Amino acid sequence: MECISYKSGYKYQLFEEYCTDIPIKPNDTISSSGNYVTLSKEGKIVIKKSYAWDGPSGPTIDTLNFMRGSLVHDALYQLMRENQLPRFSYRDQADRLLQQMCKDDGMTSIRAWWVYQGVSKFGSSASNPNNIKEVIKAPRVGL
């Protein structure tokens, strides 16, 4: 029987490649599985067209001033889940970068502070290598 393989839990898909310089600089250039995310040792992050992410998480509203930060934050957390970026060294920097990007994009300082508090307190599992999304096969084999 022919099957498809997919992962669930994504809301958004990047329509164009996104590239920016960030203050997170690993020792060597790193890439995610599938090469959708690349982070150079100079701090240039490139997120390829069609990258899928779940947007802002938690009890929040997906506003325009939250989207760019959530994209970069989710990409960095993916690098941590895949053991490309050491989470104990870089997780707080990724959380602070999310806060700053939201402010840069027009979010109020108090809301951006709450965003940081949320990911800082509740985001650990999302950066954990034990939390790789499961590959689902459809249809189920043996029907």
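User: How are α1 and α2 oriented to each other, roughly parallel or roughly antiparallel?

Analyst: Two packed helices are described by the angle between their axes and the distance between the axes. This is a predicted model, where local features need pLDDT of at least 70, side-chain atom pairs count only at pLDDT 80 or more, and totals for chains, interfaces and linings use all residues. Residues are numbered from 1 along each chain as its sequence is written, and side-chain values use heavy atoms, leaving out hydrogens and water. Here, α1 (residues 64-81) packs on α2 (residues 87-104) at about 170°, with the axes 8 Å apart. So α1 and α2 are roughly antiparallel (angles over 145 degrees; under 35 counts as roughly parallel, 65 to 115 as roughly perpendicular, the rest as oblique).

User: Which residues make that contact?

Analyst: Contact means heavy atoms within 4.5 Å. From α1 they include F66, V72, L76 and M80, and from α2 they include Y90, L97, L98 and C102. By class, you get 11 nonpolar, 4 polar and 5 charged residues.

User: C102 is in that list. How many disulfides does the structure hold?

Analyst: A disulfide is a pair of cysteine sulfur atoms within 2.5 Å. The structure holds 0. For C19, the nearest cysteine sulfur is that of C102, 19 Å away.

User: Is C102 buried or exposed?

Analyst: Buried means under 20% relative accessible area, exposed over 50%, partly exposed in between (1.4 Å probe, protein chains only). C102 is at 0%, so C102 counts as buried, while C19, at 38%, is partly exposed.

User: Where does K49 lie?

Analyst: K49 sits in the loop between β6 (44-47) and β7 (52-53). K49 is partly exposed at 49%, and touches L14, F15, E16, E17 and Y36, leaving aside residues up to four places away in sequence.

Notes. Axes fitted to C-alpha atoms, helices over the stretch in contact; angles between N-to-C directions. Helix = DSSP H or I, 4+ residues; strand = E, 2+ residues; numbered from the N terminus. Nonpolar A, V, L, I, M, F, W, Y, C, P; charged D, E, K, R; others polar.
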